[in-house]
Amino acid sequence: MNSLKRFFPYYGLLAPYKWPFIGALLCAVIYGVASGLGFPMVVKENIPIIFATENIFSLEQHNQAGAIVSQSSPEESLQDLLERLASEMGLSLKDAGLLYDHTVGDLKPPKDDADSVLLRTVLLLPLAILLRAVAGFLNTYLIAYCGVKVLEQVRNRVFGKLQELHIGYFQDTNRGDLLSRLMVDCNLVRQCIVEVSNSLIKEPFTFLFAFSYLVYLSLVHRENLFLLFCLAAVPICVLPIRYIGKQLARRAKQLQKQTGNVTEVASENLGAAREVRAFSLEEVEKKKFGGAVSKFLVSQLKVVKYDKSLSPLIELITGMVITAAIYFAARAQLNLRVEEVVALFLALHMCYEPIKKLGSINNQLKKGIASLDRIEEILHAPIVVEEKPDAIPLNEPAEGRLHFENVSFRYGVDTDQPVLKAIDCVLEPGKAYALVGPSGAGKSTFINLVMRFYDPVEGRILLDGIDLRDLRLRDLRHQIGLVPQDPVLFNDTIMENIRLSRPDASAEEICQAADKAHARGFIENEPDGFETIVGDRGTRLSGGQKQRIAIARAFLRNPPILILDEASSALDSESESRVQAELQSLMEGKTVLMIAHRFATLKLADEILVFEQGRITDRGDHAALMQSSSLYQKLYEKQEL
Ligand code: ATP
């Protein structure tokens with residue numbers, strides 16, 4: 001029950017589908033009644049009708065015998081009654097006994113009525129089967145419907161949360177594992193929420209009705225009481241259910257982790273098909289994947305071992321208890337009726353089935369909780385870069401003045417060395433700044449803070465005098481155009497890939513932006529022009545072509561702040577000089593931050609900021625820095641900008 005409580009907060013997901021869910025539960029109740037009560041009852045009715053010796057007495061004789069039996073006094077013994085029956089009806093004592101059994105003992109109907117009773121009784125069985133089958137089908141279908149809807153919501157919730165998390169979360173978490181949480185774990189949680197709650201209605205109902213029928217049969221004929229002894233197995237079954245459930249919980253968590261590892265190895269390999277071939281890593285990759293798969297299989301076998309051992313164990317316990325009960329019943333020479341014993345065994349079977357299923361539900365719950373834990377790690381992950389509820393909107397283009405006020409930053413835990421240390425600088429609108437410095441000096445981190453991919457751990461960054469943390473995130477990022485070194489394209493048309501920087505742009509505006517980025521020529525040479533699909537992450541285009549598309553995006557958005565991460569590095573020299581001319585026109589009036597690795601890029605800058613170990617140690621133009629900064633001189637001479 002405690003396990004089930006973990007899922008309670010998610011039951012709200014069923015609210016929009018309450019009617020199908022209630023329908024499914026109603027069908028579960030009907031299924032439970034038909035299985036637990038209907039089957040044993042019908043069998044009890046059928047056996048005497050089908051197998052009893054032929055009833056040789058007429059309906060009239062039956063009625064006469066019924067009247068005599070009903071007039072008998074409680075003090076009259078059975079022997080006296082049978083003798084009276086024989087003398088009053090002119091029968092032998094043996095026939096009187098037979099007639100008594102048929103009349104009082106509810107055996108075969110009188111010969112005049114036999115055919116219609118036989119038909120009616122025999123038809124009860126298909127009726128019970130039909131009821132059970134229809135209720136079972138509707139129950140399964142409606143539960144599947146609710147399940148699909150719940151899965152959709154759980155997945156959307158997890159995916160939605162992943163969109164809100166900051167960039168650092170994805171650098172700390174493995175991608176395959178996230179994929180496996182999104183696909184596999186969400187599905188297991190769906191199973192728990194919907195199927196377990198359904199079984200928790202269906203199985204107890206089946207048990208309750210079968211058990212009540214057992215009690216009824218035992219009360220009608222006390223000889224049957226011995227079979228109730230068989231129910232002693234029910235509490236014994238709780239022990240393996242609990243033990244196996246505990247073992248399974250641990251194994252299930254391991255299994256889910258291994259599933260994530262397999263997905264990670266596969267997705268990393270598929271995403272780096274070129275590198276694998278270039279570095280001849282095929283065999284290494286095969287071994288890595290084989291290792292992950294075999295660990296996964298070991299975990300899976302452990303789960304299967306515990307999961308599947310429960311049912312045979314319960315069968316063993318119940319089998320042993322039933323055998324003991326039959327042994328003692330035979331020893332005591334109880335006067336048992338065949339039809340009742342068959343009905344009792346059927347009801348017993350219907351009692352044990354739910355116990356077995358409740359055991360497997362317990363296992364399913366444990367697996368579900370392992371998955372829920374993994375999903376909740378995402379759902380409860382803190383949103384580090386948060387938007388304030390009263391965040392300031394920026395509906396107009398900003399002026400673009402950026403002020404770093406004593407900004408320090410470190411990735412991860414407090415013990416890490418700061419990557420940026422007490423940076424104080426102002427970047428004026430209309431000016432282009434080149435960021436140079438040795439590798440690891442903090443240039444990309446500086447830009448990440450402007451985009452608010454991370455927040456400073458100390459100090460603040462102001463845009464036109466407003467702290468970035470006070471601005472609406474979406475509006476802030478809309479003020480910035482980013483042209484990365486290796487742009488990522490989505491598997492869509494070239495037109496849509498350019499459009500994503502301004503979704504309301506017309507086709508005409510997109511063509512103009514492509515023109516300015518010198519992309520139109522190659523686009524029109526593609527078989528479908530702007531409608532060409534670029535492939536997964538833009539693999540069908542060259543590095544230079546992807547960069548031109550990224551530049552076209554920046555032209556289309558035309559934002560007040562522009563970030564160029566060596567934006568023209570992948571272009572050939574002819575395209576580069578033409579694009580640089582266009583970049584210059586794009587840069588006009590904007591605050592431009594360029595990570596520059598080549599002198600050609602530096603020429604576009606008004607001022608150069610020299611980064612060294614997380615600080616801006618010098619700033620100025622090329623000529624001034626060649627005089628004042630020994631680091632800049634060194635970088636320039638070695639061309640390691
Ligand atoms: P390069 O010119 O080589 O791109 P850079 O000057 O842009 O280098 P940054 O990428 O800002 O340098 O990195 C600065 C420091 O921060 C480096 O020591 C780097 O190892 C560290 N760093 C960068 N990204 C992360 C991260 N996600 N988690 C932890 N440390 C990081």
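How many residues sit between S4 and S5 in their hairpin, and which residue in the turn has a positive phi? There are two residues between them, and the one with the positive phi, about 50°, is Asp-464.

Okay, some ground rules before we go on. This is a predicted model, where local features need pLDDT of at least 70 and side-chain atom pairs count only at pLDDT 80 or more, while totals for chains, interfaces and linings use all residues. Residues are numbered from 1 along each chain as its sequence is written, and side-chain values use heavy atoms, with hydrogens and water left out.

Strands pair if DSSP finds at least two bridges between them.

Now look at S4, residues 458–463, which is joined to S1, residues 402–409, by five bridges. Ser-408 has Glu-458 as its bridge partner, and His-403 has Leu-462. On to S5: two bridges join S4 to that strand, and here Leu-462 stands opposite Asp-467.

Next, helix H12, residues 282–331. Its 50 residues reach 72 Å from first C-alpha to last, close to the expected 74 Å; that expected span is 1.5 Å times one less than the number of residues. There's a kink of about 30° at Leu-310, shortly before Pro-312. The bend is the angle between axes fitted to the seven residues ending there and the seven starting there.

Last stop, the ligand. Its shell has 13 residues, and the closest include Gln-171 and Ser-439; to be counted, a residue needs a heavy atom within 4 Å. Helix H14 (443–450) gives the largest share, three residues.

For polar contacts here, think pairs of N or O atoms within 3.5 Å. A polar side-chain atom of Ser-444 lies 2.6 Å from a ligand oxygen. For Lys-443, an N or O atom in the side chain is 2.9 Å from an oxygen of the ligand. Gly-440 uses a polar backbone atom, 2.9 Å from a ligand oxygen. Taken alone, the ligand exposes 630 Å², and the protein buries 59% of that, using Shrake-Rupley areas with a 1.4 Å probe.

Notes:
Helices (H or I, at least four residues) and strands (E, at least two) are DSSP runs, numbered from the N terminus. A polar contact is a pair of N or O atoms within 3.5 Å; within protein, one must be able to donate a hydrogen and the other to accept it, and residues adjacent in sequence count only if both atoms are side-chain atoms.
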